[in-house]
Amino acid sequence: DTGVSQNPRHKITKRGQNVTFRCDPISEHNRLYWYRQTLGQGPEFLTYFQNEAQLEKSRLLSDRFSAERPKGSFSTLEIQRTEQGDSAMYLCASTPSLTNTGELFFGEGSRLTVL
Amino acid sequence: LAKTTQPISMDSYEGQEVNITCSHNNIATNDYITWYQQFPSQGPRFIIQGYKTKVTNEVASLFIPADRKSSTLSLPRVSLSDTAVYYCLVGGSQGNLIFGKGTKLSVKP
């Protein structure tokens, strides 16, 4: 399968714990995006990378959230000291485009439940 | 960043043509208009993208008037499997891509 892969697909954790999600984009895709989606809402932008450079991070994003794309390939999203409000679907998308005008290819998402 | 406004929900019947309009009054010169479809528990899926006038592919058409302040996604002869949420996005070479709340389309038999 050559689509965007996200792991784990589901994560249940207790409040205060740290969690990490991984995204493997389609090979050679330059841009990688992270979104968060709660029930009944559209995907909320978190951050995006062009190759290994993090170009933008949402101002609404807590300092507990950090993302990396060390070699310009896979990316990780870490949430420290999780809170119940962090419960959501975390979506990753990639595109070969160097602009925002191309098609985004989304993964199936990683669902986080914070107890 | 251009903000988009869409109807929250729409109902249709199988076999009908569905038109979903998106308003984007603050669209910038280098912004493109892109529509995505999302089913429950899945990531959004690209439908169509355009800059101006009309674009057509195998699943939909996109109509963009000359002033580009709105766009209309047209789905011909919808089926039950077209029941989903449809998002209109506006974006160019700079900045991120913002999703709105989308339009929940319900297709009935």
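User: Count Ala, Val, Leu, Ile, Met, Phe, Trp, Tyr, Cys and Pro as nonpolar, Asp, Glu, Lys and Arg as charged, and the others, Gly among them, as polar. By class, what does the lining of the largest pocket have?
Analyst: This is a predicted model. The largest pocket is lined by 26 residues. Gly counts as polar here, so Gly40(A) falls in that class. By class, the lining has three charged, eleven nonpolar and twelve polar residues.

User: How much space lies in the largest pocket, and which residues lie nearest its centre?
Analyst: The space comes to about 620 Å³. Residues from both chains lie nearest the centre: Gln37(A), Leu39(A), Gly40(A), Pro40(B) and Val85(B).

User: Which elements give two or more residues to the lining of the largest pocket?
Analyst: The lining takes in 26 residues. Chain A contributes through strand E9 (88–95) and strand E11 (110–114). The elements from chain B are strand E8 (84–91) and strand E9 (103–108).

User: What area is buried between chain B and chain A?
Analyst: The size of an interface is often given as the accessible area lost when the parts come together. Here 22 residues of chain B are in contact with 22 residues of chain A. Carbon and sulfur atoms give 51% of the buried area. That area is about 1700 Å².

User: Which three residues supply more than any other three of the area that chain B buries against chain A?
Analyst: Together they supply 28% of the area chain B buries against chain A. The three are Asn96(B), Leu97(B) and Phe99(B).

User: Why is one side of strand E1 (5–7) and of strand E7 (65–68) of chain A left without a neighbour in the sheet?
Analyst: The open sheet runs in the order E1-E3-E8-E7 in chain A, with antiparallel pairing. Neighbouring strands of this sheet are turned by 15 degrees against each other on average, direction ignored. E1 and E7 stand at the edges, so each has a single partner strand.

User: What is the bridge partner of Phe65(A) in E8(A)?
Analyst: E7(A) pairs with strand E8 (residues 75–79) of chain A in the antiparallel sense, over four bridges. Across this pairing, the partner of Phe65(A) is Ile79(A).

User: What is the bridge partner of Asn19(B) in E7(B)?
Analyst: E2(B) and strand E7 (residues 70–75) of chain B pair in the antiparallel sense over six bridges. In E7(B), Asn19(B) has as its partner Ser74(B).

User: Is the peptide bond that joins Asn7(A) and Pro8(A) cis or trans?
Analyst: Most residues other than glycine have a negative phi, and most peptide bonds are trans. Pro8(A) sits in the loop between E1 and strand E2 (10–13) of chain A. Omega of the bond from Asn7(A) to Pro8(A) is about -10 degrees, and the bond is cis.

User: What is the phi of Ser41(B), and what is it for Arg77(B)?
Analyst: Ser41(B) is in the loop between strand E3 (32–38) and strand E4 (45–50) of chain B. Arg77(B) lies in the loop between E7 and E8 of chain B. Neither is a glycine, and phi is positive in each. For Ser41(B) phi is about 60 degrees, and for Arg77(B) it is near 45 degrees.

Technical notes: Residues are numbered from 1 along each chain as its sequence is written. Chains are lettered from A and ligands numbered from 1 in the order in which they are written. This is a predicted model: local features need pLDDT of at least 70, side-chain atom pairs count only at pLDDT 80 or more; totals for chains, interfaces and linings use all residues. Side-chain values use heavy atoms; hydrogens and water are left out. Two strands pair if DSSP finds at least two bridges between them. Axes are lines fitted to C-alpha atoms, for helices over the stretch in contact, and angles run from 0 to 180 degrees between N-to-C directions. On a 1 Å grid over the protein atoms alone, a cavity is a set of points where a 1.4 Å probe fits but cannot get out, and a pocket is an open set with protein on both sides within 12 Å along at least five of seven lines; lining residues have an atom within 4 Å of a point. Grid points are joined across faces, edges and corners, and a volume is the space filled by probe spheres set on the points. Contact means heavy atoms within 4.5 Å. Buried area is the accessible area (1.4 Å probe) that two parts lose on being put together, summed over both.
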